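Reader: Could you take a close look at one part of this model for me, the sheet and what packs on it? Keep the cut-offs in, please.

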There are 2 protein chains.
Amino acid sequence: MITVLRLGHRRGRDDRISSHVGLTARQFGADKIIYSGEKDSKMMESLEDVIDRWGGFFEVEYRIDFRKVIKNFEGLKIHLTMYGESMNDKIDDIRLKTEEDLLVVVGSQKVPREVYDMVDHNIGVGHQPHSEVAALGVFLYSLNDGEIKEKFEGAEVKVEPSRNQKLTRTL
Amino acid sequence: MITVLRLGHRRGRDDRISSHVGLTARQFGADKIIYSGEKDSKMMESLEDVIDRWGGFFEVEYRIDFRKVIKNFEGLKIHLTMYGESMNDKIDDIRLKTEEDLLVVVGSQKVPREVYDMVDHNIGVGHQPHSEVAALGVFLYSLNDGEIKEKFEGAEVKVEPSRNQKLTRTL
């Protein structure tokens, strides 16, 4: 089971990025997202709406105390940060441990220093400033060895992949 | 040479996502981003500031007429969309053609129908609604066979990858 923890959400300013973090987690095989920072019921509800329509078992939670989430998590804890060790050097080790539950922590602008010490690995998906959304997508894609999840149970609708059309099928 | 074309930018609403698209393009080896939609000098300037500091040859442009950009581009044109053909089925073909210049088109909320016919391939990085930022990151990561760019010439600063610290070196 893979849980993503999104730190430091700010209502308004972060709603689109945080929602992309949630949807990316879901697409690339995570089972749950936990938001921390400011509580944003509107953003979480619109995420739930997408999940209702497109299926899959994906949980959306809010927790005010991210420290407790990290501390109490039983399993392997990874923090994605441009300051961390190179993903490509560490991903095999991490993949070997995926019988354990996995917590993937992604930050916002300022991640408290202590987070770096609370996790098992700080991992850089590249060492340039880019995007927690891209970092999460690439990390999970790589963790899954390039497989991309296609099956989302209980969906009302799915895409019919097409060369040049927008086709969906109602289920 | 890889160019990313970001469609339909809206000032304010899209500034963070569009800026993440640009930074992700740069991290994963693209050479240029072209923004279309509303002109947003502030967003583009803050992107330029990052590039000045962190180095690399990465161009940032604005073009009002995205149709012209696509039509006049000489090389292989890819549009990333959840409605497209599966990336993992197509990436080998696309990789074989990388002696050609590559244009990677990423949309915003509503991509005009005609874009689907103006490109060589519509490619789905998964077929679920998620994020153009994650889709771009995973596509470029996959295109580069999992190599992540580490060398950015002319940088003022770089990260010293670390197990649990935030270390940078001034160059």
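Predicted model: local features only at pLDDT ≥ 70, side-chain atom pairs only at ≥ 80, totals over all residues.

Author: Strand 4 and strand 6 of chain A run parallel as a pair, joined over 5 bridges; strands count as paired once DSSP finds at least two bridges between them.

Residues are numbered from 1 along each chain as its sequence is written, with chains lettered from A and ligands numbered from 1 in the order in which they are written.

Zooming out, the pair belongs to an open sheet of 6 strands in chain A, ordered 3-2-1-5-4-6 with parallel pairing. Strand 3 (59-62) and strand 6 of chain A are the edges, each pairing on one side only. From one strand to the next, the twist averages 30° (angles run from 0 to 180 degrees between N-to-C directions, with axes fitted to C-alpha atoms, for helices over the stretch in contact).

Now the helices. Helix 4 (residues 87-96) of chain A packs on the sheet and touches strand 4 and strand 6 of chain A, its direction making about 165° with that of strand 4 of chain A. Touching means C-beta atoms, placed from the backbone, within 7 Å. Helix 6 of chain A also packs there, against strand 1 (2-9), strand 4, strand 5 (102-106) and strand 6 of chain A, at about 155° to the direction of strand 5 of chain A.

Note on methods
Helix = DSSP H or I, 4+ residues; strand = E, 2+ residues; numbered from the N terminus. Contact = placed C-beta atoms within 7 Å.
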